[in-house]
Amino acid sequence: MSVAATRRLTTAQALVRFLTAQYTERDGVRHRLIAGTWGIFGHGNVAGLGQALVEYREAMPYHQGRNEQAMVHAAVGHARQLDRLSAQAVTTSIGPGATNLVTGAALATINRLPVLLLPGDYFASHAADPLLQQLEHPVEADVSVNDALRPVSRYFDRINRPEALLASALKAMRVLTDPAETGAVTLALPQDVQAEAYDWPEEFFADRIWRVRRPAPDPAELADAVQLIRSAARPLIVAGGGVHHSEAEGALKTLVDATGIPVASTQAGKGALRHDHPADLGGIGHTGTAVSDELARTADLVIGVGTRYSDFTTASGTLFQHPDVRFLNLNITAFDAHKLAAGTLVCDARAGLTALAEALPGHRVDAAYETEYRAGKARWEETVEAVFRAADDGAVPTQTQVLGALDAVVGDEDVVINAAGSLPGDLHKLWRARSPRQYHLEYGYSCMGYEIPAALGVQQAAPGTPVWALVGDGTYLMNPTEIVTAVQENLPVKLVLVQNHGYASIGGLSESVGAERFGTDYRHRVADGSFTGAPLPVDLAANAASLGMDVLRAKTVRELREALSTARAATRPTCVYVETAPPSAALPAEAWWDVPVAEVSAREAATGARKVYERAVADRRHHL
């Protein structure tokens, strides 16, 4: 009897070799599943995974990061740009290196984006115990800091024996490639096991293809969905990130062209239709456009496609006010499809939209409804033009004029990245997305510090594409260190750094809820303990330059436009720094958002805000 072929490798070597042979395939197109590994080495991974990455450095690209959380953000940006068909791994040491992964893992899982986390861990043998940086638990000896990753991971395992990797690695790949379950996947790797040798079956290292499914809709669900659409007088599609993940933009356009149903988009779904399509109404919800929110209030059928209905989308349950409103949710996950007591179509977004278009021959909304929403769209376009354009090219630009200048410079292929601060609201309302991948907003976790590292991941996924990271001063100070990585990796990302001397978004929210902008300014402390003195003498542009970026300073609208054009053509990482003027008339929110206000207070600002809050919360509906 023949003996099965084996290969003697360490566990870390076996894992890296295994990862180099994994592929995804959808619609006949194949991708490398793990396209590269980000890492910061310390004790816990340097002798195991570090040595293995050297061993296979020609087959597994390695990227050196500066911050563990940022490495996960870069990997997430990469996966999103490639429609979740390719991912990256992230390895860290034991201790703070591992716990720094938690925020990034939460972001990945909330946004349903795949990333493989490979943190070091304690000795499985407990031969050396306790280790430097090891968390000791008095009654649970098998607990480590990596257990903090369990609730934010879609799959978690600790590899306490080499042979345990055989089953666990396959389970990890299944979750990474499952469109309904994907997110952060964690394989915690005890450092002694990483270095331990084992006779691995050769079959473990064979090329393996993970086919990404496009499940079709159930015929009965499809028939019910068609009936709902045919009976609706004022249907509205809410396009979420699932449209992009499924590459369903073409199928959505086909359905909309045939039926005339208008489309509003979440932050993740913006760009599902081009901005100039007659049925594209822009963003919806608290940061939505006037036309989207007006139609949402009167829609009798809301068709959610690939959305999880965050509170920003639903205006905390106050947006959809038609007395007989119904919901139809097309989603690959039943968990999301059943939200708002909806009729369900549990399937791939492209498959479901195609099936709906084929099942609705000749169906079209009433002409008066089309006329109504097209007129609303035209009015909103006038608003966008008014806030984008400055009357005086020599004026200091407002933040919205910064976006207007960028709008005038970018091409269809450019990618614009943002996540936190006041920019997401302005972008959702105003940005005119020209292509499906142009608008890259991380708003599931809205994580400050995401933008710069995510730009690196997007740039790696799309070489030659102009990639813009839009960052306010507050976000920049959270996580600027991956600028060094951009320089080291020769990634010509473009950073637009907007200086407004504080947390502008949360400052405005603080004022509206009676907290009086406390703790939201970057200013000197004055005698009464408040921070209302002069702005701090901090030069963020000089900081970016010190980290290796080329920096262009712009003081006026004209200089800004010129700097953005120069940055777009640059072949090195380039920063455009601009200090903005206060907006003369900020665009108001078109829908409410629930931030509970103090029920009792001795301060007039809080008591006044509570009265406003009680009036708004009375409009909340429970859709049953």
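Angles over 145 degrees between helix axes, taken between N-to-C directions, count here as roughly antiparallel. This report applies that cut-off to a predicted model.

**Helix 11 and helix 15**

The axes of helix 11 (residues 290-298) and helix 15 (residues 367-388) cross at roughly 150 degrees and come within 8 Å. The two helices are therefore roughly antiparallel to each other. Helix 11 contributes A290, V291, E294 and L295 to the contact, while helix 15 contributes Y369, E372, Y373, G376, K377, R379 and W380. Sorted by class, the residues of this contact are six nonpolar, one polar and four charged.

An open sheet is formed by six strands, in the order 14-13-12-15-16-17, with parallel pairing. Strands of a sheet pair through backbone hydrogen bonds. Strand 14 and strand 17 stand at the edges with a single partner strand each, so one side of each has no neighbour in the sheet. From one strand to the next, the twist averages 20 degrees.

Strand 12 and strand 13 run parallel and are joined by three bridges. Within this pair, I237 stands opposite V263 of strand 13.

| Strand | Residues |
|---|---|
| Strand 12 | residues 235-239 |
| Strand 13 | residues 263-265 |
| Strand 14 | residues 280-283 |
| Strand 17 | residues 343-346 |

**Helix 11 against the sheet**

Helix 11 also lies across strand 12, strand 13 and strand 14. Relative to strand 14, helix 11 runs at about 100 degrees.

Notes
Residues are numbered from 1 along each chain as its sequence is written. This is a predicted model: local features need pLDDT of at least 70, side-chain atom pairs count only at pLDDT 80 or more; totals for chains, interfaces and linings use all residues. Side-chain values use heavy atoms; hydrogens and water are left out. Axes are lines fitted to C-alpha atoms, for helices over the stretch in contact, and angles run from 0 to 180 degrees between N-to-C directions. Helices (H or I, at least four residues) and strands (E, at least two) are DSSP runs, numbered from the N terminus. Angles under 35 degrees count as roughly parallel, over 145 as roughly antiparallel, 65 to 115 as roughly perpendicular and the rest as oblique. Contact means heavy atoms within 4.5 Å. Ala, Val, Leu, Ile, Met, Phe, Trp, Tyr, Cys and Pro count as nonpolar, Asp, Glu, Lys and Arg as charged, and the others, Gly among them, as polar. Two strands pair if DSSP finds at least two bridges between them.
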